[in-house]
Amino acid sequence: MNAKTGAGDRRVYSIVVRGQVDEEFVAAYCPAATKMTWDGDATRLSNIHTDQAGIVGLVRHLHSLGYVVLSLES
Amino acid sequence: MITPPQPHLVVARLRRPIAPARAVARPGLIARLNEGLAAGRLLTLIAAPAGYGKTTLAVQWAAQVNHPVAWLSLDEADDDPLRFCTYFVAALQTAAPSLGAELTPVLAAGQPPPPAALAAALLNDLAAVEAGPILCILDDFHVIQDPFILALLENLLMHQPTGLRLALVTREDPALPLARLRARNQLTEVRAADLRFSQAEAAALLRDGMGLSLTDPDLAHLAERTEGWVAGLHLAGLSLQGRSDPSTFVQTLSGSHRFILSYLTEEVLARQPGDVQEFLLQTSILDRLTGDLCDAVTGRRNSAALLERLFTANLFLISEDDEARWYRYHRLFAGLLQSQLRRRSPEQMAELHRRAGLWHAAHNSPATAIDHALAAGDYHRVVEWLERSAWALLNQGYARKLEAWWHALPPEHRSRSLRLTLDFGWMRLLRGALEQVEPLLEQAEASLTVGDSDEQVAGRAEWLALRANWLQAGGRHAEAIEAAHQALEIVPSKDLRVIGLASLALGGAYRQLANFERSETALRRAIQASRNAGDRVTETLATAHLALMATQYGRLRLAASVAAEAIQRLTEAHTAPPILGALHGALGRVYYEWNDLQAAQDHLERGVRLSALAGHNASTIYTLCALARLFQAAGALEEASRCLDEAAALLAQGAPGWVRPELIARQVGLALAQGDAATAEMRLRAGGLDPDAPVNDHTEALHLAWLRLFLVRGDARTADLAQRIIAAAEAGGRQAALIQALLLAAQLEADPPSRAAAHLRRALALAEPEGFVRVFLDEGPTLAALLQQLGPPSWLAHVIPAARHPSLQEKAMASLAPERTEAQWGDALFEPLSARETEVLRLLAEGLTYAEIAERLVVSLNTVRFHVKEIYGKLGVNRRTQAVRQAQELGLL
């Protein structure tokens, strides 16, 4: 186990959800520098710089808004 | 609908926990948090996974800030709007006791206000806190996912309250617009990376705090292995105590947090004496621990002393109060201890829960008792305790939990209790969840047994009463009346609660069918029976029905006495159900009719505030209309217009259709008062009522408005319309409308005087018994002149000179006949200004705004408005320029 895998570290995540996420959501709820792309079916939020608490909160928020999370990677 | 008691708060949750005795000081982090406060940032976020020392840091921070601190430890049941709001306001009150005076009774009545209204009320109260901004710390905020609660906090933050600094301690980022706050520099964050213990801090914890002799390399290794995760460091320290070979042990540590945690927990457990191990495992099922409860669960007699020892030894426990009576396990360890217990002796779990349930039931905490009984699978007790406590729990904000418990019960246990089925039916009805009542009605019907025992008959009667109320709420009035009559026929005479409930449905249904006498009889019976049964909710609903109906029918004395008594009872009980705003509105309308304008204004303004808090749009709009009429009568046309704009905005948001005619009628009245007949006509046309359509109780307000416009315009249909309104109001027994129509007819037929006199005499005869006064004054000088000719009765004569404000009629006529000036009307009735009013008038003449005048005179904005209203009234004007000109002409300036 090393510091790179720790719960306290910031990492760069990407989340893909089914459906379209609006820019307003990204501006209000995602860390600065988050990028959003839309392929007509799913939205990819990438370059999300945050830690465990941040990414878990974001995934739960998307879930509670009714988005289906298709993938989460870092 | 049994009377619910006052909410009962777990006060310990509003107290800051005690920092562990040997907590390591973290000056760097405290400084960062303090800088955020000093910079005026609205939100502080302490966000990290479990075991990072978040709560300890928050406690240390709170202990040294120069702000009043409000603390709230949240738990899962708080993810419920009513419960959260109740505790949130209670927490703020620990820092500012005067806060929430109007909110607390509203919450006590069991309905959370809409987030925007709640935020507005809180912001208002927070602005008045003099001790500086309150630092409100919400611990374990990750349990909150409810959109209502998040909307409330977002609403508060977006208004940038000067009186509040919010701090959230959470395992995950809340669904709040953190990115936006960050961008505006309104957010201070302390996250996992910041909370990690450095090697120096690890040394302070393990060497200085726990007396361990560790070498620097050992410390470095531990800090690395645990990544500075304090829960791991702490457990490692406990495992190392008394070991002769710390270095070897430290080297063995590796793996994930979870692995280190369970490995170390087992290590630490194994090092405790057998009885302590057993105590820890057995009590791990408890959310909160106290000596007596632990004795009951474990069968020991010395739990209090043991708890104290464990706390002092820093073993898993957190103290919840200064007196060291209540503790809880750190949540990480509670979970691990429970899984150990499940592994070692699963057969014990149910019995331990059963004992915990019994203890809580005997100590007046039914919610926890029910949770334990469910965990023990003891469904008979769950049903028994729900039967006993469901209403009290509802009022403590457990609405969501009650439904969860209901669904957790196996179906055979749910249907076993007719009592419980009916109780849930009443609760859902009270919440307005009508579609959820029907399945319960069906379920209860299936368990009704045929027979003549008192119990069987009483069950059938209550079922019929529930059904009657459900039908009535759904607009099926005839069926409701039938069911209510059936209930009343069979109900045992001693069952006053059910008599009250059935009579309430009957009265409500007759009211909707516009049968005043029958409705009144039924509602009086409902009030009497529910009062004797101690059922305050039913009593309040029946009283409100009666007061509001009496107002509609112009039974002013009845309305006033019923409403005033209900208000007094509710105030004494410190509860403000949604209907309270409507009661104040009704009373305000009566005082207005009686020409007691100050009392009317007080009640109407309170009615508007309470209705808005209750999210009761119809009542807010209806009461704003009455307030607009009052302002208009006082010459404060701008204020009147503001009220009507607010009402129109609310109507656009959604409200029942019955309030619309009242709003349009008031808008028409105001337009006519401003001499703007074109706007009045536009409003009426947009209202969609053809003036030639038949008159009934629903169209009356708009028909009267048309009549006023016709009168101004000299429309050929005026006399016919007046006659039709008179006939309809007479047939329906609606006196206020009848009097108004008669007075308009009198003005129309002023020539020959005998016709006018006949109308006037009739209006006076109708008005006197109920004390209608204002309706005469509002008609203005034409009517006043007619009354003078007739010789007004003594009860009216002494107030007629007070009718110094030109009415809409007068204004409209003035616009047609410019030679009749307001000054002439005002001269005749001029009343001297007070010293204060003269002062305000002078400042008005200087061009100061109301706010500037308030500041100059060191009074509230409302006081200035009141003075201005009085001045305008006395001068008979409705605009500042007119007031100044008038005052100059009269030599007042």
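Strands here are DSSP runs of E with at least two residues, helices are runs of H or I with at least four, and both are numbered from the N terminus.

Before I go on, this is a predicted model, in which local features need pLDDT of at least 70 and side-chain atom pairs count only at pLDDT 80 or more, while totals for chains, interfaces and linings use all residues. Residues are numbered from 1 along each chain as its sequence is written, and chains are lettered from A and ligands numbered from 1 in the order in which they are written.

Chain B as a whole, then. It has 893 residues, of which 52% count as buried. Its secondary structure comes to 49 helices and 7 strands. Along the principal axes, the C-alpha atoms fill a box of roughly 115 × 80 × 40 Å.

E1(B) pairs in the parallel sense with strand E4, residues 164-170 of chain B, over 5 bridges; two strands count as paired if DSSP finds at least two bridges between them. In that pairing Thr44(B) stands opposite Ala167(B). E1(B) also pairs in the parallel sense with strand E5, residues 187-191 of chain B, again over 5 bridges. There, Leu45(B) has Glu189(B) as its bridge partner.

These strands belong to an open, parallel sheet of 5 strands in chain B, in the order E2-E3-E4-E1-E5. Its edge strands are E2, residues 69-73, and E5, each pairing on one side only. From one strand to the next the twist averages 15 degrees. Helix H2 of chain B, residues 54-62, packs on this sheet and touches E1, E2, E3 (134-139), E4 and E5. The direction of H2(B) makes about 165 degrees with that of E3(B); axes are lines fitted to C-alpha atoms, for helices over the stretch in contact, and angles run from 0 to 180 degrees between N-to-C directions.

In the loop between helix H6 (147-158) and E4 of chain B is Gln160(B). Gln160(B) is not a glycine, yet has a positive phi of about 45 degrees. This residue is exposed, with 12 other C-beta atoms within 10 Å.

Asn595(B) is in the loop between H31 and H32 of chain B. Is Asn595(B) buried or exposed? With 21 C-beta neighbours inside 10 Å, Asn595(B) counts as buried.

Helix H32 of chain B, residues 597-613, has 17 residues and reaches 24 Å from its first C-alpha to its last, close to the 24 Å expected; the expected span is 1.5 Å times one less than the number of residues. Among the buried ones are His603(B), Arg606(B) and Arg609(B). The buried residues of H32(B) pack against helices H4 (103-108), H5 (115-127), H31 (579-593) and H33 (617-633) of chain B. Just after H32(B), Gly615(B) takes a positive phi of about 70 degrees.

Next, the interface. Contacts involve 24 residues of chain B and 23 residues of chain A. On the chain B side, the elements giving two or more residues are helix H7 (178-183) and helix H8 (192-195). H7(B) gives the most, with 5 residues. The chain B side divides into 11 nonpolar, 5 polar and 8 charged residues. Ala, Val, Leu, Ile, Met, Phe, Trp, Tyr, Cys and Pro count as nonpolar, Asp, Glu, Lys and Arg as charged, and the others, Gly among them, as polar.

Last, chain A. It has an open, antiparallel sheet of 4 strands in the order E2-E3-E1-E4. Strands E2 (35-38) and E4 (68-73) of chain A each have a single partner strand, so one side of each is left without a neighbour in the sheet.

How values were computed:
A residue is buried if 20 or more other C-beta atoms lie within 10 Å of its own, exposed if 12 or fewer, and partly exposed in between; C-beta atoms are placed from the backbone. Two residues are in contact if their C-beta atoms, placed from the backbone, lie within 7 Å.
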